[in-house]
Amino acid sequence: KEVGGKKKVTYKLKDWVFSRQRYWGEPIPLIHCSKCGVVPVPESDLPVKLPSVKSYQPTGTGESPLANIDSWVKVKCPNCQSQARRETNTMPQWAGSCWYYLAYAMHPELFPRSKSKPAKWSKELEQKWLPVDLYVGGVEHATRHLIYARFWHRFLYEQGWVSTSEPFQRLKNQGMIYGEDGRKMSKRWGNVINPDEVVRELGADTVRVYEMFMGPFEHLASWSTDNIMGVRRFLERVWRLRSLVQAGVAKETSDEVLLHRSIKQVTEDIEAFSFNTAISALMILSNRFLERGAIAQSEYLTFLQLLAPLAPHLAEELWREYRSQSIHLSRWPQADPTKLETDTVTLAVQINGKLRAELTVKRNTEKNAVIDQVLSLPAVARWINNRQAIQREIYIPNRLVNLVTNTGR
């Protein structure tokens, strides 16, 4: 007699303990009465809001800091009206975040109804705004917050409150950023980078573009002060382009082909979260403009539109010299299909992730032939003496070459 197995799904959902007490956790709507015991807060008094205080101190007893705020803690029992106390433990961490995406759709300040009354559940709004199109979060989110959110959402779905069984349609996990020493950023190692300090020194757009240029979105990467300065220099080159702008439209040149190919690539790369290759395309395009020494105004404005999602502040400031309406309200440029097909392509040549040169080759050239041509470029020879110095060769046909060396420079 044959004995077969059977399919079984086992969920490894850890017990949820509200153990870390913070002032800003969601209050638990219970009241403790010496006569009636534990009494729920009446529905008409919900939600229980945290008190507004200038400062708060730990109790020293292990209780929540709320326990010291008598004006908030002391209340009347809803049943017998005798003196009672609110529950001072709170729901920290993922309690509110399990359903906050639903609260956004019902929020009276975002979708005004009657501000004198609390927002009521609206199936119409739920069906209009949900499920969430795209959720971006770290890997830790996927194993904690998101799994709890999915369980809460499934319960609401089975109860008929939401119309979809899953809360999020698409998830993208960004890679972690390590310190320059290659270790996870930690106070213990003293390798933490304070982004506020870098923003003050180099600007918010530099930090934004650098983080997107570090590598594929999902991969971990190590912070590099040298590399962020390279991004800063790129944005400075973009600023210098303004002095080359001429009135009129682009002439029929090979650069117009490059412009339309850049529109297509940046559009597709942003949709695919391939921000690093989108930035490489813009670096190539800006270098071409600088080499040419003149830019048609129409080309320049299109370039700024492509840059805007990546460096919004710089793009907006430059755009406002020509247009009164914000660049972020302008229509996204469209690539002309008739100007995309050529026999040659211009590859971005990177060494250890840094753009060092460009190479024009025939479309779909075989990898080894491309690498041979790359190594013959003077700009590459400065960094690589021979092929033995290369640890890894990354070749994205018709787009990108990245040579990873053992020097890491």
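Is the crossing of H10 and H11 left-handed or right-handed? In this predicted model, the crossing of these two helices is left-handed. The points below describe this helix pair and then a sheet with a helix packed on it.

**The helix pair H10 and H11**

- Two packed helices are described by the angle between their axes and the distance between the axes.
- Helix H10 covers residues 275-292 and helix H11 covers residues 297-307; their axes come within 11 Å and cross at roughly 155 degrees.
- Angles over 145 degrees count as roughly antiparallel, and H10 and H11 are therefore roughly antiparallel to each other.
- On the H10 side, the contact is made by Leu 282, Leu 285, Ser 286, Phe 289 and Arg 292.
- On the H11 side, Glu 299, Phe 303, Leu 306 and Leu 307 take part.
- Sorted by class, this contact of H10 with H11 has six nonpolar residues, one polar residue and two charged residues.

**The four-stranded sheet**

- The order of strands in this open sheet is S14-S13-S16-S15, with mixed pairing.
- Strands S14 (354-362) and S15 (390-396) are at the edges with a single partner strand each, so one side of each is left without a neighbour in the sheet.
- On average, neighbouring strands of the sheet are turned by 20 degrees against each other, direction ignored.
- Six bridges join S15 to strand S16 (residues 400-405), and the two pair in the antiparallel sense.
- Glu 393 stands opposite Leu 403 of S16.

**The helix on the sheet**

- Helix H13 (residues 367-375) packs on the sheet and touches S13 (344-351), S14, S15 and S16.
- The direction of H13 makes about 70 degrees with that of S16.

Note on methods: Residues numbered from 1 in each chain as written. Predicted model: local features only at pLDDT ≥ 70, side-chain atom pairs only at ≥ 80, totals over all residues. Heavy atoms only, no water. Axes fitted to C-alpha atoms, helices over the stretch in contact; angles between N-to-C directions. Parallel < 35°, antiparallel > 145°, perpendicular 65-115°, else oblique. Left-handed = near helix turned anticlockwise from the far one by under 90°. Contact = heavy atoms within 4.5 Å. Nonpolar A, V, L, I, M, F, W, Y, C, P; charged D, E, K, R; others polar. Pairing = 2+ DSSP bridges.
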